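This report walks through helices, packing and charge pairs. Have the sequence and the model open alongside.

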Amino acid sequence: MTIIDRMPARSRPFSSAELAERLCGEETRAVQEAVTRVKLATQEALNRNRQFQTGRGDPLSRVKQALDKKEAQ
């Protein structure tokens with residue numbers, strides 16, 4: 001990677017980003033999806049706990065959670 005990055009852009013045999021994508025792109029995407037699922041589950045648990053403690057739901061939190069879920073898909 002270092003040698004390729006030192007070469008002029010037009011004479012590089014392949015891009016660094018392309019190499020990184022082929023070497024670990026699938027694994028990185030899987031890890032990012034797992035982290036996103038954990039974040040969504042945590043936020044949902046916090047929202048439900050807050051609703052349980054106060055006896056009422058927070059509409060803004062529900063909307064944000066729905067938007068976050070939609071974005072993650």
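## Helix α2

In α2, the buried residues include Ser16, Gly25, Leu40 and Asn47. Buried means under 20% relative accessible area, exposed means over 50%, and partly exposed lies in between, with a 1.4 Å probe and protein chains only. Helices (H or I, at least four residues) and strands (E, at least two) are DSSP runs, numbered from the N terminus. The cover over the buried residues of α2 includes α1 (2–6) and α3.

The model is predicted: local features need pLDDT of at least 70, side-chain atom pairs count only at pLDDT 80 or more, and totals for chains, interfaces and linings use all residues. Residues are numbered from 1 along each chain as its sequence is written, and side-chain values use heavy atoms, with hydrogens and water left out.

## Kink and helix end

Where is α2 kinked? The kink is centred on Cys24 and amounts to about 70 degrees. The bend at a residue is the angle between axes fitted to the seven residues ending there and the seven starting there.

Gly55 follows α2. The phi of Gly55 is positive, near 85 degrees.

Ser16 belongs to helix α2. The relative accessible area of Ser16 is 17%, so Ser16 counts as buried. Which residues does Ser16 touch, leaving out those up to four places away in sequence? They are Met1, Ile4 and Asp5. Contact means heavy atoms within 4.5 Å.

Arg10 sits in the loop between α1 and α2. Arg10 is exposed, at 85% relative accessibility. Two C-alpha separations give a sense of scale. Ser16 and Arg56 are 40 residues apart along the chain, and their C-alpha atoms are separated by 51 Å. For Arg10 and Arg56, 46 residues apart in sequence, the C-alpha to C-alpha figure is 61 Å.

## How α2 packs on α3

Two packed helices are described by the angle between their axes and the distance between the axes. The axes of α2 and α3 come within 11 Å and cross at roughly 165 degrees. Axes are lines fitted to C-alpha atoms, for helices over the stretch in contact, and angles run from 0 to 180 degrees between N-to-C directions. The two helices are therefore roughly antiparallel. Angles under 35 degrees count as roughly parallel, over 145 as roughly antiparallel, 65 to 115 as roughly perpendicular and the rest as oblique.

The crossing of α2 past α3 is left-handed. From α2, the contact is made by Thr36, Leu40, Glu44, Asn47 and Arg50. From α3, Ser61, Gln65, Asp68, Lys69 and Ala72 make it. A crossing is left-handed if the near helix is turned anticlockwise from the far one by less than a right angle, and right-handed if clockwise.

Ser61 lies in helix α3. Is Ser61 buried or exposed? Ser61 is buried, because its relative accessibility is 16%. Leaving out residues up to four places away in sequence, Ser61 touches Asn47 and Arg50.

## Salt bridges

How many salt bridges does the structure hold? There are five. A salt bridge is a side-chain nitrogen of Lys or Arg within 4 Å of a carboxyl oxygen of Asp or Glu. Side chains of opposite charge can pair when their charged atoms come close.

One of the bridges joins the side chains of Glu18 and Arg22, at 3.9 Å from N to O. Both residues lie in helix α2 (residues 16–54), four residues apart, about one turn of the helix. An α-helix has 3.6 residues a turn, so residues three or four places apart point the same way. Glu18 is partly exposed at 40% relative accessible area, whereas Arg22 is exposed at 70%.

Glu44 pairs with Arg48, with 2.9 Å between the closest N and O atoms. Arg48 and Glu44 are four residues apart in helix α2, so about one helical turn separates them. Arg48 is exposed at 57% relative accessibility. Glu44 is partly exposed, at 21%.

Glu44 also forms a salt bridge with Lys69, the closest N and O atoms being 3.9 Å apart. Lys69 lies in helix α3 (residues 59–72) and Glu44 in helix α2, so this pair ties together parts that are 25 residues apart in sequence. Lys69 is partly exposed, with a relative accessible area of 35%. Through shared partners, salt bridges join Glu44, Arg48 and Lys69 into one network.
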